[in-house]
Amino acid sequence: MTDAPYEFLTPDTTAEYIKSVPEIATKIDADDIVSVEEVGDGNLNLVFIIRDGAGRGVVLKQALPYVRLVGPEWPMTPDRARHEAEALRKHAELVPELVVDLYSYDSSRYLMAMEDLSDHKVWRGALNEGLRHDGAAAAMGRYVGAVAFGTSCLGMERHDLAERLAASVNPDLCIITEDLVFTEPYVDAGRNSVLAANEKDAQDLANDDVMVSEMGQAKWAFMTRAEALIHGDLHTGSVMVKGESEAGSGAAVSVKAFDPEFAFYGPVAFDLGALYANYLIAAARACALGDEEHMRWTLALPQQTWTAFEEEFRRQWPNRVDPRVYRDDFLENSLDTWRKEAWQFGAAKMARRIVGLAKTTDIETLDESLREGAARGVLQAARLMVRERHNGSDPARLVELVGNLLERTATR
Ligand code: SR1
Ligand code: MG
């Protein structure tokens, strides 16, 4: 489905556009633009960073009516930009310091203006460089916890919730996830690819009855459980981090989620699983490169995210809108369910990034000889996680379970 044609931004039209929108005209001097950079390295959109002579900047992001990664032959509703803008606004009501600041949304051109975070790094890139941002995983756990509580029936009045839920139905983007994350790694639709050396690993994954059965459960949860307005694509490429040192490492002084175009009312643990998966993929890279220290650091991140998530959710719990039947047993059951589901969704996200469309630079930029073992390790870790989650879902267990496996499968 493509919506009506609309004007696409070009480097030459950004200044004129900025002048026409009062919310951004004050953020930057459109008569003194010194650079316009197209930096859209995601799979879907156009992204420009515009700077003026005084060093101020804004980001303009426009949804194209197709999937950029593939081209116009894969049409995709640009209304995803509205979902992104609405999720950013709602999430910013809850944790403004953990979300990129949205200045304006233009529904006629599916175009957002937002703060320039050029003094931050995309977390995936930082992880690939071996940089550490202590506290970033906890910040994202707190973000997921605040969103889980604040956008659910625990944190919202029922009419507001129903209206928000209805407006958040995001079928085209959800279908991408249903297909690419939960289905195609097991039933190839012609979009899968792996190194020749990993073909048997991909076959073993697709033939793994336990894994496929777990993916059926996970897909069902994704398609039916409207728990909260989740981010929907919370991988490390959807997080910006700023370290305390110039080099960009050390304690994270700022951590911001962005790019929630896949947002919808879905299962809370899906966002946790996305984070876990991408931490473990970063660990596979570090292991392949023989960077034991960075591997250990990344393997500890799931636990940091979970702990902060749980703390935030428990902190909010006394404020629930209607405590009549949502008693403490409900809290404990919910946390138990999400703790376990985070492993399952994490496994789904790991397998898709190795076998399916839209892979990660963590693995893809490795030399082929190293990539073979890293890819194998991630796939085997996913298969182990769907089994082991039933034996204890404390994410601290992932350190040894996944760490040992990655060491065994490495081809360095
Ligand atoms: C066709 S879009 C491919 C992927 O890019 C996004 O980041 C989502 O993860 C999606 O699955
Ligand atoms: Mg994205």
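In this predicted model, the axes of helix 10 and helix 11 (residues 292-299) cross at roughly 170 degrees and come within 8 Å. An angle over 145 degrees counts as roughly antiparallel, and helix 10 and helix 11 are therefore roughly antiparallel to each other.

**Helix 10 with helix 11**
- Helix 10 contributes Tyr279, Leu280, Ala282, Ala283, Ala286 and Cys287 to the contact, while helix 11 contributes His294, Met295, Thr298 and Leu299.
- Sorted by class, the residues of this contact comprise 8 nonpolar, 2 polar and no charged ones.

**Helix 5 with helix 10**
- Helix 5 (residues 136-150) packs with helix 10 (residues 268-288) at an angle of about 165 degrees, and their axes are 9 Å apart.
- That angle makes helix 5 roughly antiparallel to helix 10.
- On the helix 5 side, Ala137, Met140, Val144 and Ala148 meet Val268, Asp271, Leu272, Leu275 and Tyr279 of helix 10.
- The contact of helix 5 with helix 10 has 8 nonpolar residues, no polar residues and 1 charged residue.

**Surroundings of ligand 1**
- The residues around ligand 1 are Asn43, Val67, Trp74, Ile176, Leu180, Asp233, His235, Phe262, Arg352, Arg353 and Ala358.
- A side-chain N or O atom of aspartate 233 is 2.7 Å from an oxygen atom of ligand 1.
- Arginine 352 places a polar side-chain atom 2.7 Å from an oxygen atom of ligand 1.
- For arginine 353, the distance from a side-chain N or O atom to an oxygen atom of ligand 1 is 3.0 Å.

Technical notes: Residues are numbered from 1 along each chain as its sequence is written. Chains are lettered from A and ligands numbered from 1 in the order in which they are written. This is a predicted model: local features need pLDDT of at least 70, side-chain atom pairs count only at pLDDT 80 or more; totals for chains, interfaces and linings use all residues. Side-chain values use heavy atoms; hydrogens and water are left out. Axes are lines fitted to C-alpha atoms, for helices over the stretch in contact, and angles run from 0 to 180 degrees between N-to-C directions. Helices (H or I, at least four residues) and strands (E, at least two) are DSSP runs, numbered from the N terminus. Angles under 35 degrees count as roughly parallel, over 145 as roughly antiparallel, 65 to 115 as roughly perpendicular and the rest as oblique. Contact means heavy atoms within 4.5 Å. Ala, Val, Leu, Ile, Met, Phe, Trp, Tyr, Cys and Pro count as nonpolar, Asp, Glu, Lys and Arg as charged, and the others, Gly among them, as polar. A residue is near a molecule or strand if one of its heavy atoms lies within 4 Å of it. A polar contact is a pair of N or O atoms within 3.5 Å; within protein, one must be able to donate a hydrogen and the other to accept it, and residues adjacent in sequence count only if both atoms are side-chain atoms.
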